Amino acid sequence: YPQNPKTSAIVKQLLAEGNARELQKYFGSRMEFGTAGLRAAMGAGISHMNDLTIIQTTQGFCRYLEKNFSDLKKRGVVIGFDARAHLSSGGSSKRFARLAANTFISQGVPVYLFSDIIPTPFVPYTVTHLKLCAGIMVTASHNPKQDNGYKVYWENGAQIISPHDRGISQAIEENQEPWPQAWDDKLIDSSLLLHDPYAMVNKEYFKDIQKQCFHRNINKETNLKFVHTSVHGVGHKFVQLAFKAFDLSPPFAVPEQKDPDPEFPTVKYPNPEEGKGVLTLSFALAEKDGAKIILANDPDADRLAVAEKQESGEWKVFSGNELGALLGWWIFTCWKNNNRDTRAIKDVYMLSSTVSSKILRAIALKEGFHFEETLTGFKWMGNRAKQLMDQGKAVLFAFEEAIGYMCCPAVLDKDGVSAAVITAEMASFLATRNLSLSQQLKAVYDEYGFHITKASYFICHDPKVIQQLFDNLRNFDGKNTYPKSCGRFKVSGIRDLTTGYDSSQPDQKAILPTSKSSQMITFTFANGGVATMRTSGTEPKIKYYSELCAPPGNSDVEQLKKELDELVNALEKHFFQPEKNNLQRKTE
C-alpha cells in the first residue's frame, strides 16, 4: 500500500540495497496490541507506527466495538492526540488521530475528535462525561522522540484490561486490508459525524476539578511562587487554566520548554521521572524568580514530578511514593474536614499499585478508611475505582510510584494537570502554617510510620537471560524452591504473580490476577522489608522496587535507610547477579 510516499521510499531504498536484515526488522513481526494499546517507533513496516498500521489497528478496534455495543452508532468514540511528529516517515500524532477518525466515520460511527493537542486525561474524561463507547489517545507519553503510541479506553472511562486486548488484537488480524477511502482523511472534515469536544471539555473539566479546591481564599492570597514545565509537551496551557480555576496566580513557565516541540531539544529523555536532568532549566528559572516549588509534567501531562527548595539551598525532588504520601494525606484531610458524619468513612477508599509504597495502607489503618492494592499500572486502579464507585463507594485517591496520581473522580486514570494544581493548593495551605512540603512529609511519616523506598532497574536486551534469571529464583535451592534468604536477610514470604503462588495465603494461591506473559515476584523479609522484581511491559528492563515500613515511633531514619541500602545491595548481588547475567545498570 504505497500511499505514504515517505514510508514507501524507505522500503524501496532497503529493497534496492537488498538489505534483508533491516527489512526483517520492519516487516518481521506486527506490533503487539496489549492492554496499553500500541507503543513503538514511528517508521515503515508492520513493526512500526505508521499510516497503515494505524488504519489496520483502528479497523480491528472498530469491528470489536461493533460486536460489543449495539448502540455504537448512537454513542460514538473520542480521539485525542499529543504533539509528536516524525519527519522522516511523515507520521504524527495528529495525522494518526485523523486516520483513526476517518476509519470510524466511514462505518457510520460518530467521532469526537479534539481539534488541537490535549493532555491524555482529557480522553478518559470525555468518555465518562459524554457516555461514549470508547476513547483513543495517540501519544507515547514520556518515551523517546521517535516513538508513538495508541492508548485505548473502554466505556467505563478506564484503560482496557483483559480480555479486551486479546479481542482487539484478534480483530486487527482479521481486518488488515484497508477499507475503501481509508487513506482519505479529508473526508471527515465535511462529515456530520465529526464533532469537536475541545471547547466543551476545556470548560467542563476545569469546572469538575474545582470540586477538589478547598482553600480558595488562601490560594488568592498566597505569595508562594511556582515554576511549571511541560517538557516540550502539551501541558502548558492546561496547567495555566487549572491554576486560574483554583484562583492561584499562574506559575512561571520555563520558556524554552513551554511550547510543544516533537524534537524535545533541551532534554535527553522527556521523562520527569529521570529527576534532576530534566529539571535543570526549571531550577535556573526558579532561582531567578524566587520560586520555591517546581511542578513538572511529562509530555502528555498525565504524570507529575515535584521539587522543593530546602532550607540548605538544595533542591529536593520528591519520589512518586513521597508525593503519593503527601497527596494521600492532603486529600484525606480535606475529605475529613468536609465530612462531619464519621460513619461515612466506611465507604471511603484509596488505591495504589502493588509496587508502590504502602504508606496509604498505614494511613487507612489509623484513620479507618479502606485501602486496596492492585496490579501495576493505572488500568487496574481505574477499573477497580469504577467498580467501587458503582457500588456507591468514594474513591478519593489512587497513585503509583511512577509519578502517576488520580486525585479527581472525574478522570479514572492518572492526571498530571489536576495533580499539579492540587499540589499547589496543598503547598499554599502548608505555607500559612509555616510548613514546607518536606516538613509535612516528615510529619506524615512521624504519625503513620516511616516508609523508605528505593527503586531502580537493569537493562537487558536478551529475553532468554531474563527468563533464566527468574527461573533461577523459582528453582533456587533445587527444583521448585524459592530463596529462603538474600544475603543476611531472611525471606519470610513469597508472592509470584507469574505463576499465581503466594506463601502467605492458606491455599497458597495469590489473590491478585496472575499473568504468565510477564515476570513478577515479591519477596517479604523478616525485617519488615518488601522487594518486588518485575519485567517492564514497554521497555527492555528488569525493574525492582523495595520498601522498609517501620511502625510509628521508630524514627531513626538514617538507620532505616542504611538497612534498606544493604537489603538492596544483597538483592542486586544474589538475585540479579549483574556480572553473571551481563546486565546494564541504570545510569544516573
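## Helices across the sheet

Helix α10 (residues 236-245) lies across β9 (226-229), β10 and β11 (293-297), and runs at about 150° to β9. Helix α15 (residues 416-432) lies across β9, β11 and β12, at about 170° to β11. Helices (H or I, at least four residues) and strands (E, at least two) are DSSP runs, numbered from the N terminus. Axes are lines fitted to C-alpha atoms, for helices over the stretch in contact (heavy atoms within 4.5 Å), and angles run from 0 to 180 degrees between N-to-C directions.

## Basis of the model

The model is predicted: local features need pLDDT of at least 70, side-chain atom pairs count only at pLDDT 80 or more, and totals for chains, interfaces and linings use all residues. Residues are numbered from 1 along each chain as its sequence is written, and side-chain values use heavy atoms, with hydrogens and water left out.

## The sheet

The open sheet comprises five strands in the order β10-β9-β11-β12-β13, with mixed pairing. Two strands pair if DSSP finds at least two bridges between them. At the edges are β10 (252-253) and β13 (315-317), each pairing on one side only.

Strand β12 (residues 304-309) runs antiparallel to β13 and is joined to β13 by three bridges. A307 stands opposite V317 in β13.

## Packing of α12 and α16

Helix α12 (residues 320-338) packs against helix α16 (residues 437-448) at an angle of about 80°, their axes being 10 Å apart. The two helices, α12 and α16, are therefore roughly perpendicular (65 to 115 degrees). To this contact α12 contributes E322, A325, L326 and W329, and α16 contributes L437, Q440, L441, V444 and Y445.

Methods. Angles under 35 degrees count as roughly parallel, over 145 as roughly antiparallel, 65 to 115 as roughly perpendicular and the rest as oblique.
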